Protein chains: 2
Amino acid sequence: MTRFSERLLEAQRARKSVLCVGLDPDVQQMPKHLQASQSPAKSIKHFNEGIIQATAPFACAFKLNFAFYEALGAGGHEVLRHTLDCIPEGLITIADAKRGDIGNSARQYAHAILGELGFDACTVAPYMGHDAVLPFLQYEGRAAFVLTRTSNASAKDFQEVPYQSEPLFHLVARHVNRWNEASAGTAGLVVGATSPSALRSLRELCPTLPFLIPGIGAQGGAPGDIAPAAMGPVIVSSSRAILYASNGTDFADRAAQAARHTRNLLTSYVSATC
Amino acid sequence: MTRFSERLLEAQRARKSVLCVGLDPDVQQMPKHLQASQSPAKSIKHFNEGIIQATAPFACAFKLNFAFYEALGAGGHEVLRHTLDCIPEGLITIADAKRGDIGNSARQYAHAILGELGFDACTVAPYMGHDAVLPFLQYEGRAAFVLTRTSNASAKDFQEVPYQSEPLFHLVARHVNRWNEASAGTAGLVVGATSPSALRSLRELCPTLPFLIPGIGAQGGAPGDIAPAAMGPVIVSSSRAILYASNGTDFADRAAQAARHTRNLLTSYVSATC
């Protein structure tokens with residue numbers, strides 16, 4: 001089976017894009033005409049269909065934030081699966097589920113997400129150590145992106161604790177490097193665009209690992225902030241700035257414009273890959 | 001609304017028990033007669049019904065490991081809700097979901113688990129810092145148990161990184177103490193029974209926080225290992241040793257025996273609370 005990094009490169013070349021559109025569908029922020037006289041589940045299905053169709057020409061990947069689907073209760077799983085089915089063949093699908101459990105539990109989560117649902121990649125949390133990550137690395141051709149230096153303000157609470165004159169997140173990255181070697185290239189890092197210095201130091205530590213980079217757009221990062229990481233493979237995710245570019249009937253067109261604009265800006269920093 | 005700690009104490013006094021039965025239903029390990037000619041979802045519903053009815057007299061709480069329900073796919077949510085409905089009034093229900101995300105995503109997870117499903121408590125991961133935990137602490141009378149020193153072997157990878165002459169998990173506990181003060185008592189810690197020294201030092205740091213303690217039974221911890229933490233509130237969880245005490249038609253009776261036996265052993269170490 002083709003390695004994840006090769007499949008990613010193929011998707012990125014086909015679209016000349018490192019942009020990942022984050023599908024975090026929040027009914028409160030969606031166009032009013034999609035909310036009227038429909039259940040939240042139906043509204044989200046229609047919204048996601050429109051967004052995917054409009055933005056797919058400019059994206060190498062789509063990332064589904066599981067929180068927004070689980071919030072739908074019993075119907076959430078079906079909305080998630082329907083959304084997944086709408087994503088064109090050849091593009092990378094990422095489950096932003098941030099799972100982190102051990103042994104048999106981790107295997108069950110990995111099976112549910114990478115096996116049954118068939119996502120290409122999943123985000124995982126490192127706090128419990130390698131027991132929590134390795135079961136996600138057993139799927140050939142797929143990837144697990146390990147939370148390393150996240151994009152939020154309180155990332156500093158623990159991720160920047162000093163260890164041997166370096167932040168803790170460097171230790172996480174060193175472990176991921178080792179796990180990646182042992183698993184034939186199924187690991188990557190989540191690194192926020194809001195910390196360009198972390199992007200730079202982590203790229204030095206991990207020259208070839210794919211980085212999933214959230215934090216541009218609504219979270220405050222600018223496309224140029226990802227430049228320090230762009231010597232290696234990157235997937236740059238934007239959600240709200242694209243999804244809610246308009247809350248009128250033109251939401252899909254405006255999302256496409258925002259996606260194309262962001263894709264073009266990003267491409268100027270990653271000309272090596274695209 | 002009554003504080004979580006008071007509701008916990010009430011449940012523990014009613015059952016003279018600090019035992020939590022972990023509902024991690026693995027079809028492969030279940031009695032053969034429950035597997036025959038039924039879908040996995042139906043098998044698990046019947047299995048859980050039998051286990052809950054048989055062990056509830058000896059338990060103060062039930063903990064549902066979300067991995068095993070998500071592995072069922074589209075039907076998982078309904079099995080989870082059915083299982084929750086089988087748990088007698090007055091006992092504490094814990095979602096072992098180990099969620100860890102930020103801002104709006106964390107609020108969606110908290111709403112899904114503590115709001116819509118109505119669990120009394122949820123486990124959460126600390127790696128992303130307080131952004132990931134605080135939304136779970138906003139539910140009066142409920143609790144979020146923060147992963148602090150987990151029961152698995154690779155807990156050491158990051159949790160024991162030294163920081164100011166102490167392990168990182170002490171820093172996590174100090175933060176949880178502060179968050180708990182700010183949230184009127186809705187926080188607790190997850191601390192594995194497999195590390196009695198961590199149970200002791202964390203109890204010194206957090207004299208009044210409830211500890212959710214997995215790791216006795218199949219994971220190798222003995223009931224006596226929890227003694228160092230028993231000067232404060234504890235919920236001690238056992239899953240496999242109770243669920244799979246027998247894989248014959250007597251599984252419920254044998255689970256009840258195992259639960260009663262474990263309850264009695266635990267009670268001898270926590271006479272102050274029960």
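## Helix α5(B) and its cover

The buried residues of α5(B) are covered by elements that include α5 (76-86) of chain A. From chain B, the cover includes β1 (19-23), α3 (40-55), β2 (61-65) and α4. This is a predicted model.

Which residues of α5(B) are buried? They are G76(B), H77(B), V79(B), L80(B) and T83(B). Seen down the helix axis, these buried residues of α5(B) fall within an arc of 165°, so they line one face of the helix. An α-helix has 3.6 residues a turn, so residues three or four places apart point the same way.

## Interface of chains A and B

The contact between the chains involves 45 residues of chain B and 45 residues of chain A. On the chain B side, the elements that give two or more residues are α4 (66-70), α5 (76-86), α6 (103-116), α7 (130-133), α8 (156-159) and α9.

Which element gives the most to the side of chain B that touches chain A? It is α6(B), with eight residues. By class, that side of chain B has 20 nonpolar, 16 polar and nine charged residues.

## Helices α9(B) and α10(B)

Helix α9 (residues 168-182) of chain B also packs within its own chain. Its axis and that of α10 (residues 196-205) of chain B come within 10 Å. They cross at roughly 30°. Angles under 35 degrees count as roughly parallel, so α9(B) is roughly parallel to α10(B). The crossing is right-handed.

On α9(B), the contact is made by F169(B), H170(B), A173(B), R174(B) and N177(B). On α10(B), it is made by A198(B), S201(B), L202(B) and L205(B). By class, this contact has five nonpolar, three polar and one charged residues.

## Helices α3(A) and α12(A)

In chain A, helix α3 (residues 40-55) packs against helix α12 (residues 251-267). The angle is about 40°, and the axes are 8 Å apart. That angle makes α3(A) oblique to α12(A). The crossing is right-handed.

Which residues make the contact between α3(A) and α12(A)? From α3(A) come G50(A), I51(A), Q53(A), A54(A) and T55(A). From α12(A) come F251(A), A252(A), D253(A), A255(A), A256(A) and A259(A). By class, the contact of α3(A) with α12(A) has seven nonpolar, three polar and one charged residues.

Terms used. Residues are numbered from 1 along each chain as its sequence is written. Chains are lettered from A and ligands numbered from 1 in the order in which they are written. This is a predicted model: local features need pLDDT of at least 70, side-chain atom pairs count only at pLDDT 80 or more; totals for chains, interfaces and linings use all residues. Axes are lines fitted to C-alpha atoms, for helices over the stretch in contact, and angles run from 0 to 180 degrees between N-to-C directions. Helices (H or I, at least four residues) and strands (E, at least two) are DSSP runs, numbered from the N terminus. Angles under 35 degrees count as roughly parallel, over 145 as roughly antiparallel, 65 to 115 as roughly perpendicular and the rest as oblique. A crossing is left-handed if the near helix is turned anticlockwise from the far one by less than a right angle, and right-handed if clockwise. Two residues are in contact if their C-beta atoms, placed from the backbone, lie within 7 Å. Ala, Val, Leu, Ile, Met, Phe, Trp, Tyr, Cys and Pro count as nonpolar, Asp, Glu, Lys and Arg as charged, and the others, Gly among them, as polar. A residue is buried if 20 or more other C-beta atoms lie within 10 Å of its own, exposed if 12 or fewer, and partly exposed in between; C-beta atoms are placed from the backbone. The arc is that of the directions from the helix axis to the C-beta atoms.
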